[in-house]
Amino acid sequence: MLYAILAYHVEDELLAWTPEQDAAVVSKVIEVQAPLRASGHFGPAARLDDTQKAKTLRGPGAGMVLDGPFAETKEQLLGFHLVNYDTEEEAIAAARKLREVNPSAVYEIRPVKLFVPADGFGTTRG
């Protein structure tokens with residue numbers, strides 16, 4: 001089963017990191033990803049650009065493009081990891097490993113159902 005591990009942060013805090021602080025966290029995250037990727041459980045991961053650069057498409061018909069996301073939360077979705085585990089518990093364990101090296105992040109673990117086969121994992125089951 002595919003799971004998305006969604007990474008939330010208080011964006012202003014993350015943007016306040018020095019380049020050195022940011023590079024240190026990214027380096028530690030990459031270290032955690034390496035054995036998960038080698039085991040065949042870890043797929044694509046992405047860091048999203050600033051929420052200020054986001055656009056939202058909503059409304060009837062062709063919709064209307066609006067600036068930014070409209071979530072009224074303290075934390076913003078800033079990235080995600082795609083993992084493939086047999087159980088939710090295994091996906092949660094992977095998220096815990098990521099959180100060990102990035103403790104200011106909040107991770108949401110959510111099952112993913114693909115409608116189009118993807119490179120890397122192929123079709124989902126379940």
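This is a predicted model: local features need pLDDT of at least 70, side-chain atom pairs count only at pLDDT 80 or more; totals for chains, interfaces and linings use all residues.

Mentor: Residues are numbered from 1 along each chain as its sequence is written, and side-chain values use heavy atoms, with hydrogens and water left out.

Trainee: How many helices and strands does the protein chain have, and in what order do they run?

Mentor: Helices (H or I, at least four residues) and strands (E, at least two) are DSSP runs, numbered from the N terminus. The protein chain has 3 helices and 6 strands. Their order from the N terminus is β-α-α-β-β-β-β-α-β.

Trainee: What share of the contacts in the protein chain joins residues 24 or more positions apart?

Mentor: A contact means heavy atoms within 4.5 Å. Of the contacts with a separation of 6 or more, 75% are between residues 24 or more positions apart. Two C-alpha distances illustrate the point of sequence against space. I5 and V112 are 107 residues apart along the chain, with 9.9 Å between their C-alpha atoms. A105 and L14 are 91 residues apart in sequence and 9.6 Å apart in space, C-alpha to C-alpha.

Trainee: Are I5 and A105 buried or exposed?

Mentor: Buried means under 20% relative accessible area, exposed over 50%, and partly exposed in between, with a 1.4 Å probe and protein chains only. By that rule 29% of the 126 residues of the protein chain count as buried. I5, in strand 1, counts as buried because its relative accessibility is 0%. Leaving aside residues up to four places away in sequence, I5 touches a set of residues including F80, A91, L98 and I109. A105, in the loop between helix 3 and strand 6 (106-112), is likewise buried, with a relative accessible area of 0%.

Trainee: How many salt bridges does the structure hold, and which residues form them?

Mentor: Side chains of opposite charge can pair when their charged atoms come close. The criterion is a side-chain nitrogen of Lys or Arg within 4 Å of a carboxyl oxygen of Asp or Glu. The structure holds 4 salt bridges, among them the pair R47 and D22, whose closest N and O atoms are 2.6 Å apart. That pair links distant parts of the chain, with R47 in strand 2 (residues 42-47) and D22 in helix 2 (residues 19-38), 25 residues apart. R47 is partly exposed at 48% relative accessibility, and D22 is partly exposed at 21%.

Another of the salt bridges joins K55 and D67 at 2.6 Å, N to O. K55 lies in strand 3 (residues 55-58) and D67 in strand 4 (residues 64-67), so this pair ties together parts that are 12 residues apart in sequence. Both K55 and D67 are exposed. R110 and E108 also form a salt bridge, with their closest N and O atoms 2.3 Å apart.

Trainee: What span should helix 2 have, and which of its residues are buried?

Mentor: The expected span of a helix is 1.5 Å times one less than its number of residues. For the 20 residues of helix 2 this gives 28 Å, which agrees with the 28 Å between its end C-alpha atoms. V25, V29, V32, Q33 and L36 are buried in helix 2. The buried residues of helix 2 pack against strand 2, strand 5 and helix 3 (88-101). Just after helix 2, G40 takes a positive phi of about 85°.

Trainee: Which residues lie closest to the centre of the largest pocket, and which element gives the most to its lining?

Mentor: On a 1 Å grid over the protein atoms alone, a pocket is an open set of points where a 1.4 Å probe fits, with protein on both sides within 12 Å along at least five of seven lines; lining residues have an atom within 4 Å of a point. Grid points are joined across faces, edges and corners, and the volume is the space filled by probe spheres set on the points. The largest pocket holds about 390 Å³. It is lined by 24 residues, of which V26, A46, R47, L78 and N102 are the closest to its centre. Helix 2 gives the most to the lining, with 6 residues.
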